[in-house]
Structure formats: C-alpha cells, structure tokens
Amino acid sequence: MEKKSEINGHALPSSASTDMIVEKSPKMKKSFKEKLMEFLGKNLLVILTVSGVLVGVGLGMMVRNMDLTKAQMTYFAFPGEMLLRMLKMIILPLVVCSLVSGAASLDTRSLGKLGGIAVAYFLVTTLIASGIGVTLAFIIKPGVGAGALNTNDLGLESISNNKETTDSFLDLARNLFPANLVAAAFRSYATDYKMVAVGNDTNGTALYQKVPIGTDTDGMNILGLVLFAMVFGVALRKLGEEGEELIRFFNAFNEATMVLVSWIMWYVPFGIMFLVGSKIVEMEDVGLLVTSLGKYIFASILGHIIHGGIVLPLIYFGFTRKNPFSFLSGLITPFTTAFATCSSSATLPSMIKCIEENNGVDKRISRFILPIGATVNMDGAAIFQCIAAVFIAQLNNYELNAGQIFTILVTATASSVGAAGIPAGGIITIAIILEAIGLPTNDLSLMLAVDWIVDRTTTVVNVEGDALGAGILHHINEQEIKKQQERQQQQQDGELAEVRVEAVANAQAEEETSPLVTHQTKASAAMPEAIESVL
C-alpha cells in the first residue's frame with residue numbers, strides 16, 4: 001500500500017520532495033492537545049470497542065443481581081443479537097464477491113503458488129496447534145482425579161452423537177461440491193441414519209441394518225461457496241476480455257459491501273457491550289463449573305496463549321523479518337469482535353477492513369486468503385479439541401496409546417477444516433475425534449458447559465492465524481514483484497546496451513550524430529502517404 005503525505009488536507013504520493021515539504025511545514029509542530037485529538041481520531045473505533053467489552057462486563061454484573069426472567073434476558077440481549085445478525089448478513093456477499101474478484105485479479109500461476117503456500121501454512125500451523133494441545137493435556141492432566149465429574153452433578157443435559165467418523169469426512173467432501181448453490185447459502189449436507197429391515201435370522205427375529213441417509217441442516221455451506229467462488233474467479237480470468245465486465249461487477253459489489261462493513265463497524269461497540277453483558281447475565285453457577293473444570297479451562301487458554309503469543313508470531317517473523325506485534329496492533333478491533341462474538345465468520349468483515357487500511361495488505365491477497373482462512377484455518381479449535389479428547393479419556397480412566405494419540409492429531413487437524421465458524425462450532429467436531437479413538441460422546445456436555453469461556457480465546461487465535469497468514473503472503477508477493485522488476489530492469493539495461501552499440505555503428509557508417517535520425521528517416525521512407533497528408 002503506497003504511503004501518502006498530506007499537504008493542506010490533500011493526500012499526495014510519498015516522494016523525497018513531498019516529504020521535505022511536509023517536514024519543513026510549520027504545522028508539524030503540534031501541541032499535545034492536537035496530538036491527542038489526532039490519536040483519538042485514528043483509534044476512536046478501537047477505543048470504543050474495547051470500552052464496550054469493559055462496560056458490558058460491568059453492566060452484566062449489575063443486571064445479574066436483578067434476577068431477570070428468561071424473557072427479560074432475551075430482551076436485554078437484543079442489541080447484541082442485532083450485531084450478530086448484521087455481521088452474518090454481510091458474510092455471504094463478502095465471501096463470494098471477495099473470492100471471485102481476488103481469484104480473477106491474480107494470474108493462474110501466482111494464484112496456484114499463493115494458494116499452495118496458504119494451504120501449507122494452514123496445515124502446518126494447525127498440526128502444530130494440535131501438538132501443543134495434546135502435549136499440554138498430558139502435562140497438566142485436566143481429567144486425572146476428576147472422575148466425580150458427571151453430567152448429573154453439574155445439572156447438564158447429555159449430548160448424543162452417533163455419527164460415524166467415515167461419514168463425517170464424506171460429508172466434508174460432499175459439502176465442498178454443493179448440489180444447489182442457492183441452497184448452499186443457508187443449508188449444508190449432513191448424514192443421518194435409519195434402521196432398515198434386511199431379513200430374519202434362524203430364530204425368526206428381524207434383522208436391521210443402520211443405513212446412512214442424506215439430510216439438510218440449517219447453516220451456510222461456506223466450504224462449498226468458497227470453492228465455487230475461487231473456481232468461478234479463475235474461469236472469469238480465463239475468459240479474457242469477455243469476462244472483464246463480470247469481474248468489474250464483482251469488484252464493484254465487493255467495494256460496496258466493504259462500505260456497508262464500515263457502517264456496521266460503528267455499531268460494533270454498542271452491540272458488543274450487550275453481547276458480553278447478556279452472557280454474564282445468563283451464567284448460572286459459574287463458580288462450580290470453573291472449579292470443577294478449571295484445569296481444562298486453564299490448559300485450553302494456556303495453549304491459545306502459547307500458540308497465539310509465541311508460535312504464530314515466530315512463524316511470521318521467520319518469513320518476513322518484521323515485528324509481528326506491530327502488525328497485530330492494527331487489528332485490535334477484529335480481535336475484540338472475535339472475543340465478543342466467538343465467530344470467525346462474523347469477524348471476517350472487520351478483519352478485511354482493518355488489515356487493508358491499517359496494515360496495508362494488498363486487497364488481492366487479503367480478499368483471497370482471509371475468507372478461505374476463516375473457513376479452513378482453525379488453530380484455536382484444534383488446540384481445545386485435542387485437550388478435550390485427552391481430558392475425556394483421562395476422565396474415563398482410559399489409557400491412550402501412541403496410535404490413538406496420532407489419530408487425535410490427524411483427526412483434529414482434518415476435522416477443524418470442517419468446523420463451522422460459529423459459536424460452539426468446534427464442539428460438534430470433538431465427537432468425530434472421540435468416535436475415531438473409541439471414546440463415549442456423552443461427556444461432551446461438560447465441554448459445552450464451559451465452551452462460552454474457552455471459545456473466546458479460541459476464536460481470537462483462529463483469526464490471528466488468518467491475519468498473520470495474509471501478512472506472510474503479502475510479504476512473499478512483494479518479494480516476487482521486486483524480483484520481477486529487477487529482472488525487467490536487467491533486460492532493459494541489456495537492450496539499451498545493444499542499442500548503444502548499434503548507434504555507434506550507424507554513426508560511423510553514415511556519419512550521423514544520433515541514431516534517432518536514422519530511425520526517423522527509415523520511418524518517413526516507409527510512410528510516404530503520411531508525409532503527403534501532413535504537408
């Protein structure tokens with residue numbers, strides 16, 4: 001993103017001359033009040049968003065003592081519900097249009113290269129996250145000695161999930177290729193089962209088999225939409241001139257969507273205040289849950305701090321040799337939104353806006369990578385899913401062998417791709433891991449009881465991984481552009497050297513002082529009609 005200077009309120013491209021004018025301008029000596037006002041003007045939204053969380057906590061603690069009815073709690077949460085509805089409303093046009101325009105703006109070679117790097121980054125970071133989760137679970141041992149914990153003690157409902165692991169992965173593949181694009185905007189494919197009679201045994205007892213059947217569940221099939229939008233963008237690029245009008249349409253649609261996002265962003269602080277406050281009001285006996293499941297909560301949040309505060313910044317620094325925390329400091333608003341909404345998808349609009357405006361990431365990169373990352377890159381989810389699987393194994397006094405630990409790592413990495421970017425979306429995928437290693441799924445209700453705590457740091461780590469991935473790809477893309485420019489410069493220098501040699505030869509042979517004379521003479525000789533018309 002080109003750095004700009006401001007003179008008399010007008011933005012000018014940065015150059016040596018404009019920089020000197022700005023430096024010599026007497027307006028540069030600003031008073032403390034002017035500096036404070038400038039700081040508030042630049043960071044007002046961030047300050048309001050963080051303040052919204054803090055005020056929401058205080059408001060929730062006050063209202064909690066009023067003993068509201070369920071209906072009154074619903075009314076109290078209404079402003080926060082409106083924020084979530086607005087953010088979810090904008091997800092579909094944002095994802096589809098940004099991916100189509102992003103894929104169409106990149107040539108096929110760079111698209112394949114950037115896509116390959118992105119997939120490798122997402123896969124490696126998620127595997128590292130899974131490894132951190134399993135390691136912490138075995139060090140802290142949250143489930144050891146917690147055998148007294150059960151769903152009845154905590155007054156929780158049991159969760160039953162009898163979905164086969166194979167069908168879970170097949171559903172992932174099916175959702176990548178939706179049969180109906182319109183339906184994919186609000187429904188996704190899920191396997192259910194029914195018992196079918198297949199005959200009788202020797203005693204005359206009817207025999208039944210469990211047969212998988214396809215059903216539709218509520219919720220956007222964002223995986224299928226992402227894949228279609230990418231491929232459609234590449235197809236438009238291949239069309240050439242014929243596809244340019246449609247590319248311009250998607251670009252304009254995308255820019256209009258970002259304007260809507262900028263408007264919604266000013267409602268975020270108010271909505272976040274009631275989102276956080278309503279969660280505190282809805283809590284029942286939080287003390288019992290935290291003391292009973294404290295080690296599990298501690299292990300999960302510690303894993304998120306290690307991965308988000310050490311591992312991901314080190315990866316970013318290793319690629320770019322830049323300070324990762326200065327990069328992340330421009331993304332406080334999306335991180336706060338992620339903490340309050342617990343939804344990677346709902347955070348996507350503010351993430352795209354802030355990473356382009358505050359961090360200067362190329363629009364082609366951010367609008368191509370971030371929607372994909374919000375769908376498939378779930379580092380935070382992989383951490384707490386692995387800890388939850390080991391926790392339930394320890395809770396049931398179940399010894400895990402090396403093969404089962406490896407299964408947890410691989411399954412958590414793969415199933416986190418299909419995890420919905422919504423609150424508590426990762427809880428369902430834990431069932432896949434438990435089925436894979438043969439553990440009961442009825443203890444999942446324990447995870448659901450404290451998921452509202454763990455899911456906040458989970459979502460922050462998820463969106464941080466997406467943001468740093470976009471920063472890494474932006475850096476790699478800039479390096480490639482510099483290399484291309486250097487190659488072009490070398491070619492031009494070589495061509496100029498050839499022209500100089502030819503010019504000397506012409507001057508010696510025809511006694512002319514400039515090669516331009518020779519070229520002009522040749523051109524005029526070739527076009528006598530043009531000379532006559534000019535005369």
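Exposed means over 50% relative accessible area, and buried means under 20%. The model discussed here is predicted.

Q: Is Glu242 buried or exposed?
A: Glu242 sits in helix 9. Its relative accessible area is 66%, and the cut-off for exposed is over 50%. Glu242 is therefore exposed.

Q: Which residues form the negative surface patch?
A: Glu242, a residue of helix 9, belongs to this patch. The patch is formed by Glu241, Glu242, Glu244 and Glu245.

Q: What length does helix 9 reach from its first C-alpha to its last?
A: Helix 9 covers residues 241-265, which is 25 residues. At 1.5 Å a residue the expected value is 36 Å. The helix comes close to that, reaching 36 Å.

Q: Which residues of helix 9 are buried?
A: Buried residues have under 20% relative accessible area. In helix 9 they are Gly243, Ile247, Phe250, Asn254, Thr257, Met258, Val261, Ser262, Ile264 and Met265.

Q: What is the area of the nonpolar surface patch that includes Phe32?
A: Phe32 is placed in helix 2, residues 32-64. With 67% relative accessibility, Phe32 counts as exposed. Phe32 makes the patch together with Leu36, Met37, Phe39, Leu40 and Ile47, and its area is about 590 Å².

Q: Does Leu444 count as buried or exposed?
A: Leu444 is found in helix 20, residues 444-510. Its relative accessibility is 2%, and the cut-off for buried is under 20%. Leu444 therefore counts as buried.

Q: What distance separates the C-alpha atoms of Leu444 and Ala431?
A: Along the chain, Leu444 and Ala431 are 13 residues apart. Their C-alpha atoms are separated by 7.6 Å.

Notes
Residues numbered from 1 in each chain as written. Predicted model: local features only at pLDDT ≥ 70, side-chain atom pairs only at ≥ 80, totals over all residues. Heavy atoms only, no water. Patch = residues over 30% accessible without salt bridge, like charges linked within 9 Å, V, L, I, M, F, W, Y side chains within 5 Å. Areas by Shrake-Rupley, 256 points an atom, 1.4 Å probe, with all protein chains shown as cover. Salt bridge = Lys/Arg side-chain N within 4 Å of Asp/Glu carboxyl O. Helix = DSSP H or I, 4+ residues; strand = E, 2+ residues; numbered from the N terminus. Buried < 20%, exposed > 50% of the residue type's maximum accessible area, 1.4 Å probe, protein only. Expected span 1.5 Å × (residues − 1). Lys, Arg positive; Asp, Glu negative; His and termini not counted. Charge placed at Lys NZ, Arg CZ, Asp CG, Glu CD.
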